[in-house]
Amino acid sequence: MTEVISVYDGVRLDIPFEACVLYHGRDSIGGLSLGYRLLRFALNKLTDGRIPERKEITFKTAFPGPGLRDAVEMTTRAVTRKAYEVLENAPEGTPEGVYGHMYFEITVGSRTLCCALKPGVLPEEFVQTGRAIKKGNYSEQDARHWREQKDALSEAIWNIPNFEDVLSFSMKE
């Protein structure tokens, strides 16, 4: 993975995905991968190629997953800066995640990208397995299967050639 997210925070920072893995670990690797790729996509759309200042980036989502949150925090420091918000509601029809909905609003300056994963991008088996695991009553085999599904989701996210193909999105100025 050679993609980097570049931001200014006094100096130019080129943050590779591997730095996010070092920060978060691999427990929520699917959400970490999604957060990183989504943020990179959004920043490219919102900035027309210029490198943004960290302080001008805000992130709102109806998906409170720890992997997504940590990808955003590592790259933008939005959680620390109180520029990260978990929304109570998502637009009707937005696909569900293990918890919450797969809806996101990324803002740079005065431009906002509102987007959601398209239905079917997140496998239903993944959502159902995750919900069962989160309830806490599972076997070692269930835990192993869940880990395999998270790794497979991460790999699938990195194999998406054009991230625009898996999102419904609109821009607000």
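Helices here are DSSP runs of H or I with at least four residues, strands are runs of E with at least two, and both are numbered from the N terminus. The model is predicted, so I kept to its limits: local features need pLDDT of at least 70, side-chain atom pairs count only at pLDDT 80 or more, and totals for chains, interfaces and linings use all residues. Residues are numbered from 1 along each chain as its sequence is written, and side-chain values use heavy atoms, with hydrogens and water left out.

At the start of helix 5, I found a side-chain oxygen of serine 139 within 3.3 Å of the backbone nitrogen of glutamine 141.

Next I took the hairpin. Strand 1 (residues 4-8) and strand 2 (residues 12-16) run antiparallel and are joined by 5 bridges. Isoleucine 5 is opposite isoleucine 15. Between the strands lie 3 residues, and glycine 10 has a positive phi near 85 degrees.

Last, the nonpolar cores: sets of buried Ala, Val, Leu, Ile, Met, Phe, Trp, Tyr and Cys joined through side-chain atoms within 4.5 Å. The largest has 46 residues, and helix 2 gives the largest share, 10 residues. I also noted a second, separate core of 5 residues, including Ala62 and Leu87.

Conventions:
Pairing = 2+ DSSP bridges. Polar contact = N/O pair within 3.5 Å; in protein donor to acceptor, adjacent residues only side chain to side chain. Buried < 20%, exposed > 50% of the residue type's maximum accessible area, 1.4 Å probe, protein only.
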